[in-house]
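Me: Please take one part of this structure and describe it closely. I would like its surroundings first, then whatever else can be said about the local backbone.

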Amino acid sequence: MKPINIVESIIVPLNRKNVDTDQIISKEFLKRIERTGFGKYLFYHWRHRPDGSRNEDFVLNQPQFENAKVLVAHENFGCGSSREHAPWAIMDYGFQVVIAPSFADIFHNNCFKNGILPIRLTVEEVEELLAKGEQSTYEVKVNLEEQTVAGQDGATYSFEIDPYYKQMLLNGWDEISLTFQYEGHIQNYEKQHA
Amino acid sequence: MAKTIIEKIWDQHIVYEEEGKPDLLYIDLHLIHEVTSPQAFEGLRLAGRKVRRPDLCFATMDHNVPTKNLPVIQDPIAKKQITTLEKNCEEFGIQLAHMEHPDQGIVHIIGPELGLTQPGKTIVCGDSHTSTHGAFGAIAFGIGTSEVEHVLSTQTLWQSKPKTMEIKISGQLGYGVTAKDVILAIIAKFGIDVGTGHIVEYTGEAIRNMTMEERMTICNMSIEAGAKAGLISPDETTINYLRGKRFAPEGAEFDKAAQRWLDLATDAGATYDTVLEIDANEIEPFVTWGTNPSMGTGISKHVPRAEDYASDSDKEALKKALAYMDLEEGAPMTSIAVQHVFIGSCTNARLSDLRSAAKLVEGRKVHPSVTAIVVPGSRTVKQQAEAEGLDRIFIEAGFEWRESGCSMCLAMNDDVVPAGERCASTSNRNFEGRQGAGSRTHLMSPAMAAAAAIEGKFVDVRTLQPAHA
Ligand code: SF4
């Protein structure tokens, strides 16, 4: 996993609540047996009209947001299915940070396993960011070490993050290798419960 | 100190704990299916790792499998996913109920059916509806593919201890009201994210009176309220269900286990972080009108209007949902016509679900403008239903009778609702495009879906007597 600390980018404002993982990556794209190649299917049915043509109104299709690395959305982002294809698509598309007032549990967990930083800000802060991002392009600098999001206009938002997951992201650790260090504890447990 | 069942099971499974870290939890049962596992096995191979406890894993094929003309899979990418699981199970020594195996079925239906699901276990699967298994008094939750790989290699997971929540369903269910209506009413009342960060225990008289199959329907949809898991303390109903199941203990061992299981029940006086309550008497047959499972209402009601909501973002969400669903504000629920009916999924495709639908269908015909299918939750359910003649009842009424699988619940195979058409579905998600791009899903109980198939529109099942009563 690639370590992550500082991300500088404009934000993409996705002003929706309850964005579910079926929208992030639709089931017709779940048949691949690889972890990569899902980016072009991200939000497929919002980026395309029913006839398959590009929906120019959808925020991701607007040219100013190309190459953005920070996605801002409303409450309960990533609800629904446990499919890790959702963070894979987000990552493969180029996003490294998702900011929302709240995340669904499984999606939140899945982000940390893939080097994506999910940031919780308050509803008011997110609404402020969404408004700024919708008005014109808005650039932020995300600093994981310091737990801050600094906007181009000098506004700074700080966030909380579980120290364990913070270390994992900062160092790009592979969790399975870490767990192997507890092999003795696992063996003891198995002996006691045999 | 008095403890909840949640704390008891959690504490029994801690392999390692340290301040400032999540707990390292031991996993007793790992269920596997074809869609969320290939990348995990590939990860193992790349790192040269083994499956630590293949004996604690069990795999099946459900999401992608066709429900007719077995065993031919037309879609080459789907076929590759199926053969990949076969190869992985063979290479790593994992038991597999393959596509034509008598034990095949939706992963959350076969676990309980085989007795793999037992009280007190920690159960995971790369699938969010793993919460179903909580009906037995287990901590069962969905995980991502990286976590699947973690469990395969270590049989453990790092997990932060969730908060506890009690949802009490007091009173008794009225005539025609089912477990599906109860859970839809709970999600509508408390919201799609009320359970975030929590494990929910369902309690109360209505729960105690439910069969195991009904309890599974309740726990299945815990994730639709955002909960990490949902469970129910074991009682005699639980024990009776498990006795004689293939993977359950036998003889004196079973009696010992049963005592242990009953002791897991939440102690009198134990407290929860959050307590919610709903009165069973206020619940009527339920139907969703929107694009997430909390957007639902009673069959006697109407589609909400903007003025029913206080916040601008809720008004906006209503507008978006109704535009997608092609519904008018204030339309009576009984005015909505459907073109498709799907009776199936891990929420409602067990024998009792098929029986309750068949009871309404018997002696009647599917409405000429409706295409209706029944997809049993497992091959075992299918056989039991056929032994009782339920297949004849459905077929004579004009339903299609299919092989088991997830089917139209997520429409990964050929069972798809066409764009712009409306489906009465016994599944658990009505997200945009869930049953096919542009499709419109309404969630409800098997009896309500069967009634919709007959009438061609939503009807209050309480007004429809069995034809042969
Ligand atoms: S039936 Fe539907 S919800 Fe259940 S496991 Fe299959 S796809 Fe998931």
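Reply: A contact here means heavy atoms within 4.5 Å. This is a predicted model, in which local features need pLDDT of at least 70 and side-chain atom pairs pLDDT 80 or more, while totals for chains, interfaces and linings use all residues. Residues are numbered from 1 along each chain as its sequence is written, chains are lettered from A and ligands numbered from 1 in written order, and side-chain values use heavy atoms, without hydrogens and water.

With a relative accessible area of 1%, B:Arg429 is buried, that is, under 20% for a 1.4 Å probe and protein chains only, where over 50% is exposed and in between is partly exposed.

Leaving aside residues up to four places away in sequence, B:Arg429 touches A:Asp22, A:Gly80 and A:Ser81 in chain A, and in chain B it touches B:Ser128, B:His129, B:Ile223, B:Glu224, B:Arg434, B:Thr441 and B:Leu443. Its side chain makes a polar contact of 3.1 Å with the side chain of B:Glu224 (N or O atoms within 3.5 Å, one able to donate a hydrogen and the other to accept it; sequence neighbours count only if both are side-chain atoms). The B:Arg429 side chain also reaches the backbone oxygen of A:Gly80, at 3.3 Å.

Most residues other than glycine have a negative phi. B:Ser345 has a positive phi near 90° and sits between strand 15 (340-343) and helix 12 (351-361) of chain B; at 1% relative accessibility it is buried. In chain A, A:Gln147 has a positive phi of about 60°. A:Gln147 belongs to the loop from strand 5 (139-143) to strand 6 (148-151) of chain A, and its 17% relative accessibility makes it buried.

A positive phi, near 105°, also occurs at B:Gly191, which follows helix 6 of chain B. That helix is largely enclosed by the rest of the structure, because 9 of its 12 residues are buried; among them are B:Ala179, B:Val182, B:Leu184 and B:Ile187.

Technical notes: Helices (H or I, at least four residues) and strands (E, at least two) are DSSP runs, numbered from the N terminus.
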